[in-house]
Amino acid sequence: KLDPFEDIKIANAVMKLNLKHVVITSVDRDDLPDGGSNHFKKVVDTTRKKNPNTTIEVLTPDFKGHKPSLRKVFEAKPEIFSHNIECVERISKKVRSQAVWQRSLDVLKFSVESGLRTKTGMMLGLGETFEEVIKTMQEIVKIGVNIFTIGQYLQPSKDHLLVDRYVEEKEFLELK
């Protein structure tokens, strides 16, 4: 169940830690009719009210592409709207079984079109090729995303996908 006091708890934690920037995220809440968008908005609004000098980034699920849910989050006017594509298209179903590659791109595009500073990120080391990463970066640039991060995938548990390879610093520098 949603914690009805989560917005206050988070806002107070941000204040206590004197954070200059905070990323508000959650697990997917597909169990909720709005995917948790109202909760995201409430947390952002309360955090902003108690911490007016803190910049706020939201890292959200795709809300199954439901535009009214996305608009609800956009209404909170986070300084950065973030939704991660996680990987290249070819391996997307293996990496994100519930996600739809094009839907994630559409979410990012909708954020850009709504005037939000938009961010996405992906992990390397899942079996992608250098060329696929470049193609993905080009697709992201084409939609107008402002911030793109790339990091090394690390297997969080034995139940998760194995690391295909550890990416050398040289490759990260080439991608930069």
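Two strands pair if DSSP finds at least two bridges between them, and in this predicted model strands E1 and E2 meet that condition with 5 bridges in the parallel sense. They belong to an open sheet of 5 strands, ordered E1-E2-E3-E4-E5, in which the pairing is parallel.

- Within the pairing of E1 and E2, which runs over 5 bridges, isoleucine 24 has valine 58 in E2 as its bridge partner.
- Strand E3 (residues 80-82) is joined to E4 by 2 bridges, and these strands run parallel; serine 82 has lysine 119 in E4 as its bridge partner.
- Helix H5 packs on the sheet, where it touches E3 and E4, and its direction makes about 155 degrees with that of E4.

**A buried glutamate in the sheet**

- Glutamate 57 is found in strand E2 (residues 55-59), and because its relative accessibility is 4%, this residue counts as buried.
- The side chain of glutamate 57 makes a polar contact, at 3.1 Å, with the side chain of lysine 119, the residue that is also the bridge partner of serine 82.
- Not counting residues up to four places away in sequence, glutamate 57 touches His21, Val22, Val23 and Ile24, together with Ile80, Ser82 and Lys119.

**The nonpolar cores**

- The largest nonpolar core has 18 residues, of which Ile85, Val133 and Ile140 touch the most other members.
- Helix H5 (101-113), strand E4 (118-124) and helix H6 (130-143) each supply at least two residues of this core, and H6 gives the most to it, with 4 residues.
- Apart from this core lies another one, of 17 residues, among them Ile24, Val43, Val73 and Phe74.
- Valine 133, one of the residues that touch the most other members of the largest core, is in contact with Val88, Met122, Leu124, Glu128, Ile150 and Leu175, when residues up to four places away in sequence are not counted.
- Methionine 122 is found in strand E4 and is buried, because its relative accessible area is 4% and the cut-off for burial is under 20%.

**Packing of helices H2 and H3**

- Helix H2 and helix H3 (residues 67-75) pack at an angle of about 0 degrees, with their axes 8 Å apart, and that angle makes H2 roughly parallel to H3.
- In this packing, Ser37, Asn38, Phe40 and Lys41 of H2 meet Ser69, Lys72, Val73 and Glu75 of H3.
- Lysine 41 is found in helix H2 (residues 37-50), and because its relative accessibility is 19%, where burial requires a value under 20%, this lysine counts as buried.
- Leaving aside neighbours within four places in sequence, lysine 41 is in contact with Lys72, Glu75 and Ala76.

**Loop residues with a positive phi**

- Most residues other than glycine have a negative phi.
- Asparagine 18 has a positive phi, near 55 degrees; this residue is found in the loop between helix H1 (6-16) and E1, and it is exposed, with a relative accessible area of 56%.
- Glutamate 86 also has a positive phi, near 75 degrees; its place is in the loop between E3 and helix H4 (92-95), and at 25% relative accessibility it counts as partly exposed.

Conventions
Residues numbered from 1 in each chain as written. Predicted model: local features only at pLDDT ≥ 70, side-chain atom pairs only at ≥ 80, totals over all residues. Heavy atoms only, no water. Core = buried A, V, L, I, M, F, W, Y, C linked by side-chain atoms within 4.5 Å. Buried < 20%, exposed > 50% of the residue type's maximum accessible area, 1.4 Å probe, protein only. Contact = heavy atoms within 4.5 Å. Axes fitted to C-alpha atoms, helices over the stretch in contact; angles between N-to-C directions. Polar contact = N/O pair within 3.5 Å; in protein donor to acceptor, adjacent residues only side chain to side chain. Parallel < 35°, antiparallel > 145°, perpendicular 65-115°, else oblique.
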